[in-house]
Amino acid sequence: MIQHEFITLSLAQFGQILRIPYNGQAVFTNEWDLASLAFFQETEGPYHTNLPTPDDIRRFLQLERVESNRTIKSKNVILTPNQILTKELRQDMKRWEELIRENVFGLGGHRDHLPASLAHMLYCIVAEEQYNLAYFFVKRIECARATPNANLPYGMFLTRLFRHVMEHYPHLDSDIYNVVDRVVRLLALKKTRKPRSDRGMPKARHSVSSSSAHHYGSYNLTNGDEMMMFRC
């Protein structure tokens, strides 16, 4: 709603404006356990999804349990097979995990374990399944609105939505809105640094590549207005 005027968009329109996928597997949960995916899936309607089972996800990601006991809040906790630790991912999948977490989940949270939704996204990459990123965005925004003191995610993407609205509803444009040009750190996978043989020498600046190729899926990274796009 802008200036007491309601503007309604379909999920497809929302995805097209933000330039993110709006078809494919759709589910949202903030939980850690993989079993929560089935609990939060839509049982009917256009976003009903035949989700993979926890066994399917673990098998496709080739997970290897590294520890079954953890200390959480001073209590010894036995992990279930459906609670995945980040360090249990293969090295190539850890790169995808970092890229998706920074773009889709943002900062904050416990980075030592893999949220069920993030594990599902990684599964879709490996299994070459389409993933409905627009659905996930909308559900996460709804969750943030219902949570006191939560930051609204996807500000850089939503700038596109605001500009679209101002273009198609020019009577709503006003000087009271101040859209600030963003400063973006290019979201590329970190390169492994080689051991330095020039210890004691002044440190040189390290550049980060703006694009990388990987074994599974594909994505684009460019300067300017274009942000990362997944094709699963």
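User: Leaving aside its neighbours within four places in sequence, which residues is threonine 29 in contact with?

Analyst: This is a predicted model, in which local features need pLDDT of at least 70 and side-chain atom pairs count only at pLDDT 80 or more, while totals for chains, interfaces and linings use all residues. Residues are numbered from 1 along each chain as its sequence is written, and side-chain values use heavy atoms, with hydrogens and water left out. Taking contact as heavy atoms within 4.5 Å, and leaving aside neighbours within four places in sequence, threonine 29 touches Ser36, Leu37, Phe40, Ala116 and Ser117.

User: Is threonine 29 buried or exposed?

Analyst: Threonine 29 is found in the loop between H1 and helix H2 (36-40), helices being DSSP runs of H or I of at least four residues, numbered from the N terminus. Buried means under 20% relative accessible area and exposed over 50%, with partly exposed in between (1.4 Å probe, protein chains only). Because its relative accessibility is 3%, threonine 29 counts as buried.

User: How do the buried residues of H1 lie, seen down the axis of H1?

Analyst: In H1, the buried residues are Leu11, Phe14, Gly15, Ile17 and Leu18. Seen down the axis of H1, they fall within an arc of 165° (taken from the directions from the helix axis to the C-beta atoms), so they line one face of the helix.

User: Which helices are included in what covers the buried residues of H1?

Analyst: Just after H1, arginine 19 takes a positive phi of about 60°. The cover over the buried residues of H1 itself includes H6 and H7.

Note on methods: Helices (H or I, at least four residues) and strands (E, at least two) are DSSP runs, numbered from the N terminus.
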